[in-house]
Amino acid sequence: MTVRIGVYPGTFDPITLGHIDIIRRGATLVDRLIIGVTTNAAKSPMFSDDERLAMVRREVAAIEGDIDVVGFNSLLMDFAEAQGASIVIRGIRGVTDFEYEYQLTGMNRALNHKVETVFLMADVALQPIASRLVKEIATYGGDIAKFVPPTVRDDVMARVEQMREAR
């Protein structure tokens with residue numbers, strides 16, 4: 001029997017309720033879900049790679065299924081192949097996400113046609129959530145409790161305070 005392995009990649013800076021929804025639902029589609037926490041310096045991360053890995057591990061620990069959290073800094077298709085994955089799971093919030101993901105999927109298929117991409121629509125209540133916006137709201141003193149788990153809220157607010165003190 002073949003084990004179906006899926007990869008859900010992202011920067012998770014920070015992990016949001018939207019990410020957790022996709023992880024929970026994605027874990028039911030595969031035998032093993034690997035959450036690939038990647039480095040993307042262009043996104044100006046608030047948290048280091050190690051901090052994001054620890055945060056994601058903490059937040060997904062209670063989700064049912066065979067879930068692993070792995071850091072990577074390579075092409076997604078190379079990472080998926082190294083993990084033995086046949087599926088990449090991507091969350092879609094709206095049309096803008098779809099256009100970007102559509103192009104990315106085409107490029108990924110050209111790199112490795114053996115890995116299929118599966119799109120999961122974000123839950124309607126969670127569609128507006130984006131890590132970038134969560135960080136911006138927190139930086140300007142807004143309440144992010146509706147967008148992230150309580151422990152992540154605490155992490156973000158502590159980091160915002162550290163950044164203020166460093167100025």
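Colleague: Which residues touch the most other members of the largest nonpolar core?

Modeller: Bear in mind that this is a predicted model. I15, I23, I35 and V60 touch the most other members of that core, which has 32 residues. The elements giving two or more residues to it are α1 (17-27), β2 (32-38), α2, β3 (66-72), β4 (87-92), α5 and α6.

Colleague: What does I15 touch, leaving out residues up to four places away in sequence?

Modeller: I15 touches I20, I23, M55, V56, E59, V60, V148, P149 and V152. Contact here means heavy atoms within 4.5 Å.

Colleague: How do you know that the span of helix α6 agrees with its number of residues?

Modeller: Helix α6 covers residues 150-166, which is 17 residues. At 1.5 Å a residue they should span 24 Å. The end C-alpha atoms are 24 Å apart, so the two agree.

Colleague: Which residues of α6 are buried, and what puts them on the same side?

Modeller: V152, V156, R159 and V160 are the buried residues of α6. They cover an arc of only 100° around the axis, which puts them on the same side of α6. An α-helix has 3.6 residues a turn, so residues three or four places apart point the same way.

Colleague: What does the buried side pack against, and what does the face turned away from it carry?

Modeller: The buried residues of α6 pack against α2 (49-60) and α5 (131-139). The face turned away carries the exposed residues P150 and E165.

Colleague: Why is β2 called largely enclosed?

Modeller: Buried means under 20% relative accessible area. Six of the seven residues of β2 are buried, so β2 is largely enclosed by the rest of the structure.

Colleague: Which strands pair with β2, and in which sense?

Modeller: Strand β1 (residues 5-10) pairs with β2 in the parallel sense, over six bridges. Y8 has I35 of β2 as its bridge partner. β2 and β3 also run parallel, joined by seven bridges. There, T38 stands opposite F72 of β3.

Colleague: What makes the crossover from β2 to β3 right-handed?

Modeller: The chain crosses from β2 through α2 to β3. With the strands pointing away from the viewer, a right-handed path runs clockwise. This β-α-β crossover is right-handed.

Conventions. Residues are numbered from 1 along each chain as its sequence is written. This is a predicted model: local features need pLDDT of at least 70, side-chain atom pairs count only at pLDDT 80 or more; totals for chains, interfaces and linings use all residues. Side-chain values use heavy atoms; hydrogens and water are left out. Helices (H or I, at least four residues) and strands (E, at least two) are DSSP runs, numbered from the N terminus. The expected span of a helix is 1.5 Å times one less than its number of residues. Buried means under 20% relative accessible area, exposed over 50%, partly exposed in between (1.4 Å probe, protein chains only). The arc is that of the directions from the helix axis to the C-beta atoms. A nonpolar core is a set of buried Ala, Val, Leu, Ile, Met, Phe, Trp, Tyr and Cys residues joined through side-chain atoms within 4.5 Å. Two strands pair if DSSP finds at least two bridges between them.
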